[in-house]
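Visitor: Please take one part of this structure and examine it closely. I should like the criteria behind each term to be stated as you proceed.

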2 protein chains.
Amino acid sequence: MPAYHDLNVQERILLGPGPSMASPRVIRAMATPPIGHLDPGLLAIYEEEQALLRHLFQTENPWTFALSGTGTSGMQAALANLLEPGDAILVAVHGYFGQRLAEMARRLGAEVETIERPLGEIFTVEAIEAALSRRRYKVFAIVHAETSTGAEQLHLGEIAAAAHRHGALVVLDTVTSLGSIPVRVDAWGVDIAYSASQKSLGAPAGLAPITVSPRAQEAIQKRRTSVSSFYLDLNLYARYWHDHAYHHTASASLHYALREALREVWEEGLEARFARHRRHAETLWAGLEELGAPPFIPLDYRLPPLTTARVPAGVQPHALRARLLEEYNIEIAAGFGALKDKVWRIGLMGYSSRAENVTLLLAALRDLLP
Amino acid sequence: MPAYHDLNVQERILLGPGPSMASPRVIRAMATPPIGHLDPGLLAIYEEEQALLRHLFQTENPWTFALSGTGTSGMQAALANLLEPGDAILVAVHGYFGQRLAEMARRLGAEVETIERPLGEIFTVEAIEAALSRRRYKVFAIVHAETSTGAEQLHLGEIAAAAHRHGALVVLDTVTSLGSIPVRVDAWGVDIAYSASQKSLGAPAGLAPITVSPRAQEAIQKRRTSVSSFYLDLNLYARYWHDHAYHHTASASLHYALREALREVWEEGLEARFARHRRHAETLWAGLEELGAPPFIPLDYRLPPLTTARVPAGVQPHALRARLLEEYNIEIAAGFGALKDKVWRIGLMGYSSRAENVTLLLAALRDLLP
């Protein structure tokens, strides 16, 4: 008969692509005893979360919720609600998460076309406009902050305008960007943006913020077929969040934590928060240059929340990463796909984006690099 | 500019259909700082959770996980992984959650047939066997503990054997039953059973335990089409849990809590736990009889974790329920559907199933009833 001991988890300094660390306030909020999914206390929290999420997404969209799933459930919900079998979608792929968007859309029975950029590059407006001219697409999807490469897709306002000129709805993945760099849903004209609680927002994983434009809402409500996923049907979410009709048993614990993380965003202020993420990233970038592990992405579209650092010649990237974890309790991540042995991925998101974490990581790398 | 105050949630005594209360140990475990979704510390927790879930489901199934979603995501995953468009499914409906199974299957493009029992009744083996004879069904689905009525479907071993004789895989909803009454997955021959973390297990909401027989696993791996939901594809879950291949960012916080709740189940012992749920339920039932609000379901298939109590003549059920919440901080639930004004639903699940809660509820009802 096995023995199950007291939980004894080694604490980590989380400087990977997510989860990031949760602040003491967020952890304390989560430790509040759970209440019911229709308790007036939880419904009041939803009201606050909606206002705080609209502030963060920079939108007036009535349909602004947090889904009961991880960031991947946000991607799944965006595509599953907009696409019906046979609908055409164009996915702009500049890294792994673009590929995932395309795979999800294929599984949903859509006609999927892609345009691609090599890992570490981003799209011009012209390239996307040319692809949009090929045929009529119902949806155009793109990733804002590619967690697999560390690149920020720029020109999103012009890209969304081009998509609308060609009749497509715009889906934007803001899983890594929301909370660390500006996401201007209304100004850019994004139709659905989704994110995750555990990256630049600094809450534990398990909720996926999502916002839906009135245009996308209308498209969803005009579908010929029901959304194939009952669990992620946004109509049912809207009825739960706005009309308090039972749909699923949301986790009060995770909402306590998300509300507190969003409150911290509100108190800090968006501009100050973005500046903090940029300031600590710049310190990291300068230190990596000095160590001979310079950032992989050019400065003009390099992401503050997620840096890919080139592995210096002669260094075993995975062995060094293992030593960082074992000897310093610092988590960073390997590169993704073709970049697996070429870069490390270093996250400075949410509560992880602090001077002491940058200083420690650079000092540890200095110790470990030959 | 609105002000967002410190979280100040009114604590409740949760005696509804779920969530149930979380023990101090479970809440303390959840307040451990999060770690990464591929951290060796979290992977070790998954190993323990699998062993503890196999113990609880009474199964040897290799595919035994906890999905990153609520109980509804477990239902969604069971159907979405087994059913392909055009596949035939028979759903035995004896309450709302049976209806939900049928609706989900319809949305997935299956050919759905149902057999139904009036609310508060259950099926005989003969009735199900007769329905199974109509045609060849790929899947037969039924709810073990109908949270909408308080009825336990009996004879599950014989029912599953009948389904197998007719070539159907058996899906069993154990959302309310797992952790409070026996669920014998292997002995009964169930192919997929799913549950929820926040009912009889006593953890916060947000995870859906699921177990998949080798026969169902083979059926999933032989599909002609990919599972339409990338998020809930059980092949990808198996690769994450067993081979540690990235799929989504699971919530370490929720797994800390679920592991602790499962450890409490292990320490208590299954038989003692089932006896505790039965003992407190019997006290409740006797008290309800005395108060003139007797249980709605006959004793031989009445559920210990969820009691439907008849609203006495002349009592406004929703007004009384509101007073219980406002004056005593006790949550119970209204009836569902046609039973909305006829019964209350009272849950005694997990950590909520304690003598002091039963005594308090009965005393409060005594105060409030005319």
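Guide: The buried residues of helix α11(A) are Arg273(A), His277(A), His280(A), Ala281(A), Leu284(A), Trp285(A) and Leu288(A); a residue is buried if 20 or more other C-beta atoms, placed from the backbone, lie within 10 Å of its own, exposed if 12 or fewer, and partly exposed in between. They cover an arc of only 150° around the axis, which puts them on the same side of α11(A); the arc is that of the directions from the helix axis to the C-beta atoms. On the other side of α11(A), the residues Glu271(A), Ala272(A), Glu289(A) and Glu290(A) are exposed.

This is a predicted model, in which local features need pLDDT of at least 70 and side-chain atom pairs count only at pLDDT 80 or more, while totals for chains, interfaces and linings use all residues. Residues are numbered from 1 along each chain as its sequence is written, and chains are lettered from A and ligands numbered from 1 in the order in which they are written.

Helices (H or I, at least four residues) and strands (E, at least two) are DSSP runs, numbered from the N terminus. Helix α11 of chain A comprises the 21 residues 270–290, which at 1.5 Å a residue should span 30 Å; its end C-alpha atoms are 31 Å apart, which agrees. The expected span is 1.5 Å times one less than the number of residues. After α11(A) comes Gly292(A), with a positive phi near 80°.

The buried residues of α11(A) pack against α10 (252–268), β11 (306–310), β14 (343–347) and α13 (355–368) of chain A; two residues are in contact if their C-beta atoms, placed from the backbone, lie within 7 Å. Two of these partners, β11(A) and β14(A), belong to an open sheet of 3 strands in the order β11-β14-β13 (chain A), with antiparallel pairing. The edge strands β11 and β13 (333–334) of chain A each pair on one side only; strands pair if DSSP finds at least two bridges between them. Between β11(A) and β14(A) the antiparallel pairing extends over 5 bridges, and Thr308(A) stands opposite Arg345(A) in β14(A).

An automatic or database domain assignment divides chain A into domain 1 (13–18 + 269–368) and domain 2 (25–266). Their contact takes 23 residues from domain 1 of chain A and 24 residues from domain 2 of chain A. On the side of domain 1 of chain A that touches domain 2 of chain A, α11 and β11 of chain A each supply at least two residues.
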